[in-house]
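The sequence and model are shown first.

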Amino acid sequence: NDLTAEWEMKWDPTENTRGTFNFPGGDAIVAFAEANGMQVKGHALIWHQALPGWVASLSAPELRIAFEDHIRGVAGHYRGQVRAWDVVNEAIDDSGRGLRDTVFLRGLGADYVAEAFRLARQADPDAELIYNDYSAEGLGDKSDAVYDLVKGLKQRGVPIDGVGMQMHISATGYPSLANIAANMRRLGALGLKVNISEMDVRISDVSGDLTTRLQVQRQVYHDIVTVCVAEPACESVTFWGFTDAHTWVDAFFGPDDPLLFDERYYAKPAFSGVEDAYLGR
Ligand code: G3I
């Protein structure tokens, strides 16, 4: 019942040339969603990747203008068509020591995060505004840094409504369920909603035959979705793709089968694991 554009609403495809906006990809996704009773979460207004080359070549004053124009242009176009936006994606450094060194931090200063949320709210008064990141699902330095960032935004009255936990994990190594729950709870205590935004569970390094590996994957999906169902702050789960035939994981990590449907679009045990989690089984 919910759809996130994996590519089509990012900066590169929407404003590949400065000031010239292109929306056919995202519009087709919105049209599909509307035709199928689904809602859309926009992804992502400000991210240091999927940027056209011209952004990095701008002076700081020009970058500020382009930054504002992009957010207004894209969030304005989709106003009333998306229920939420990943306003800023992956702004925290992997070390957990503060903001990632990006063209936006260098050109605009640390307040660019707050400014992005304010601009998004102006452009779309009704969308849920989300900060989205990875490797910050449980507890630890990066998770603490995300918590500190969004706590500061809330305390300053910056319009932020939620946090996305991407949940790109391996079945052989992921945050403890207790820590995921505790993290969701502390974010909820700030008045923020939480969502699992890009879930996939890699199983290439799980030992055993395929049946065994698919059962392990099923259990991981079941257990983590059960945490979201149990935690009041957690409002949704999005999988980063649905068929193993199309996953970013293959190119980034190597061949794997991380999703709920196989390459021929047949449901895997992981699908019933998610179903059972939602049914409280
Ligand atoms: O289709 C275009 C083609 O028309 C164009 O000429 C070419 C120019 O580079 O790009 C092609 O698009 C590719 C796009 O996927 C659509 O397939 C891009 O090359 C490629 O970089 C892009 O990769 C996406 C990546 O983000 C970067 O945007 C992956 O599909 C997508 O799964 C991945 O998703 C990210 C989330 O946004 C943020 N969290 C991490 C996650 C995984 O990296």
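Of the contacts (heavy atoms within 4.5 Å) in the chain with a separation of 6 or more, 76% are between residues 24 or more positions apart. The model is predicted: local features need pLDDT of at least 70, side-chain atom pairs count only at pLDDT 80 or more, and totals for chains, interfaces and linings use all residues. Residues are numbered from 1 along each chain as its sequence is written, and side-chain values use heavy atoms, with hydrogens and water left out.

The chain has 11 helices and 8 strands, taken as DSSP runs numbered from the N terminus (helices H or I, at least four residues; strands E, at least two). Its radius of gyration is 19 Å, close to the 19 Å of the globule rule for 281 residues, so the chain is as compact as a globular protein of that length. The radius is taken over C-alpha atoms, and the rule is 2.2 Å times the number of residues to the power 0.38. Along the principal axes, the C-alpha trace spans about 55 × 35 × 35 Å. Among the 281 residues, 51% count as buried, that is, under 20% relative accessible area with a 1.4 Å probe, protein chains only.

Two helices are compared with their expected span, which is 1.5 Å times one less than the number of residues.

| Helix | Residues | Length | End-to-end C-alpha distance | Expected span |
|---|---|---|---|---|
| H9 | 210-230 | 21 residues | 30 Å | 30 Å |

In H4, the buried residues are Leu-63, Ala-66, Phe-67, His-70, Ile-71, Val-74 and Ala-75. Viewed down the helix axis, these residues fall within an arc of 135°, so they line one face of H4; the arc is that of the directions from the axis to the C-beta atoms. Their cover includes helix H1 (11-14), strand E2 (39-46), helix H3 (53-56), E3, H5 and helix H6 (112-123).

The buried residues of H9 include Arg-213, Arg-218, Tyr-221, His-222 and Asp-223. Strand E6 (168-170), helix H8 (177-188), strand E7 (193-202), strand E8 (234-239) and helix H11 (269-278) are among the elements that cover the buried residues of H9.

Arg-100 lies in the loop between strand E3 (84-89) and helix H5 (103-108). Arg-100 counts as buried because its relative accessibility is 13%. Its side chain makes a polar contact of 2.9 Å with that of Tyr-134; such a contact is a pair of N or O atoms within 3.5 Å, and within protein one must be able to donate a hydrogen and the other to accept it, while residues adjacent in sequence count only if both atoms are side-chain atoms. Neighbours within four places in sequence aside, the contacts of Arg-100 include His-48, Glu-90, Asp-93, Asp-94 and Lys-142.

Definitions and conventions:
Buried < 20%, exposed > 50% of the residue type's maximum accessible area, 1.4 Å probe, protein only.
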